[in-house]
Amino acid sequence: MQKIVIKQPFEQDWIRMFTHLANLFFEQSKIIDEDEEQAISVEFSLEKDVDNMLMGQAILTRDGQEYSAIFTELEEKDDAKIQTRQLKRIYSHVLLEALEQATGMQQSWGILTGIRPMKLYHKYRQQGHSTEQAQQLLMDRHRISSEKSELLAKIADVQLRSVPDLYDLKNEVSIYIGIPFCPTKCAYCTFPAYAIHRKNGRVESFLDGLHEEIREMGKWLTERNMAITTIYFGGGTPTSIEAEEMDALYETMYASFPNMENVREVTVEAGRPDTITPAKIEVLKKWGIDRISVNPQSYTDETLKAIGRHHSVQETVDKFWLSRNMGMKNINMDLIIGLPNEGMEEFQHSLDETAKMQPESLTVHTLSFKRASEMTRNKDKYKVADRGTVEQMMKLGEQWNAENGYEPYYLYRQKNILGNLENVGYAKPSEESIYNIVIMEEVQTIIGVGCGASSKFIDPTTGKITQFYNPKDPAAYILTFEDAIEKKLEHLNTIYPERVNS
């Protein structure tokens, strides 16, 4: 625990901001009020000259050594909210630079601690800035490295090629359908995922509620003649349920949702290879669904055992080829950088195995220590790669994807992510997941149905975002799904009071 004394008083939202920045450098940090032994001290100052240039300064003292950082910017004289945002940016700049000096660590994502840096790039482009100007703003205002700003620009180009009307989807919606069951729960997972067993009837009861929720949302969508951009079945693992249960669910979906013939993409997350069977693939084919995920995470059996995935590497390979040979034309795979006891050699092996299959898309995740996961609760049990090795693995992934004809098409970050890095989705040209793009860039309302599903209501006029969460636990969902339906319809009626598509 690294304690940091800040000499001036700040509101709690500022303290949270400073803490997030400090946590980029230390495994855990805490802002305190009074000096303590081994604590870092920081003193801020702010001046304004006659030309309305603001100059912020931070003087940081660590182990008797003093480090100083200065940042200047022309004062923004808009409303109070914009001025506060500018001051926070200035103070973040100088604190980050002082911490970089004191620790010798460089943060390629600069002062950004949120999960959606792509949104910032798109915002600057929509304001009329050129690609080069948007990149420069990211570097100047937010201390993002030139390498990361170029990556964001490249991803944006791919996104706009894949979804040319990306900025104009506010009067369409996408649907997320959450099925909370998995064969087992992985050690790094905090998704609503429960080991599936049928003795207590909760799977059947959950599915009864899910069918009803789909029907009720379908009624609202039909009344509004609402266009649906994409539909995504997530979880959990949606292919954990039986083939006939999948079939009935898709039948309800097609019967309930309007304009299904115009939906651009339907994805089923079949992430656990141990849930994939010929019968389930036949059901997917019956309903014209050919975009699935078959997620190895690693091609080392010892790693799979360590993280609680009860399938073998060979089963991943076998189920990939089963899916491909039975007609699945768009298969995504996931790999995770930094899993326990894995380094460059193991990750290279995973990439070599992926090369033999050439899935249409590959998402390279960086391990994140999520607060509620088994891995975080028992960190001492899991030895993971150091920051330098994780950065090398990320570079290796970038190089492999380029050599194999994949382009980066979406990116997001997480708190407590190894090396302060990112998760990047790569795809062969024209094989990008539209759902991944629209949800990450928050360009439209996502209606979440099912267990643990998050609905994100985006007002098409103001852009204001309101979130609503269905219960994560199946037992709670079964008891409350009707109430959840009502509350979601209230949100939808607020932002779409009238029919929006003719």
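**Cavity, pocket and crossover**

Thr239, Ala270, Ile276, Lys280, Ile281, Leu284, Ile292 and Ser323 line the largest cavity. This is a predicted model. The space in that largest cavity is about 40 Å³. The second largest pocket, an open feature, has a volume of about 1,300 Å³.

**Largest cavity**
- The count is 1 cavity of 30 Å³ or more.
- Helix 8 (residues 278-286) supplies the largest share of the lining of the largest cavity, with 3 residues.
- Sorted by class, the lining of the largest cavity holds 5 nonpolar, 2 polar and 1 charged residues.

**Second largest pocket**
- The lining of the second largest pocket comprises 27 residues.
- Arg85, Leu112, Leu120, Lys123 and His142 are the lining residues that lie nearest the centre of this pocket.
- Four helices each give at least two residues to the lining: helix 1, helix 2 (80-103), helix 3 (117-126) and helix 4 (131-142).
- Helix 2 contributes the most, with 6 residues.
- The lining of the second largest pocket splits into 11 charged, 9 nonpolar and 7 polar residues.

**Strands 1 and 2**
- Val5 has Ile32, in strand 2, as its bridge partner.
- From strand 1 the chain passes through helix 1 (residues 12-22) to reach strand 2, and this β-α-β crossover is right-handed.

How values were computed
Residues are numbered from 1 along each chain as its sequence is written. This is a predicted model: local features need pLDDT of at least 70, side-chain atom pairs count only at pLDDT 80 or more; totals for chains, interfaces and linings use all residues. Side-chain values use heavy atoms; hydrogens and water are left out. Two strands pair if DSSP finds at least two bridges between them. A crossover is right-handed if, with the strands pointing away from the viewer, the path from the first strand over the helix to the second runs clockwise. On a 1 Å grid over the protein atoms alone, a cavity is a set of points where a 1.4 Å probe fits but cannot get out, and a pocket is an open set with protein on both sides within 12 Å along at least five of seven lines; lining residues have an atom within 4 Å of a point. Grid points are joined across faces, edges and corners, and a volume is the space filled by probe spheres set on the points. Ala, Val, Leu, Ile, Met, Phe, Trp, Tyr, Cys and Pro count as nonpolar, Asp, Glu, Lys and Arg as charged, and the others, Gly among them, as polar.
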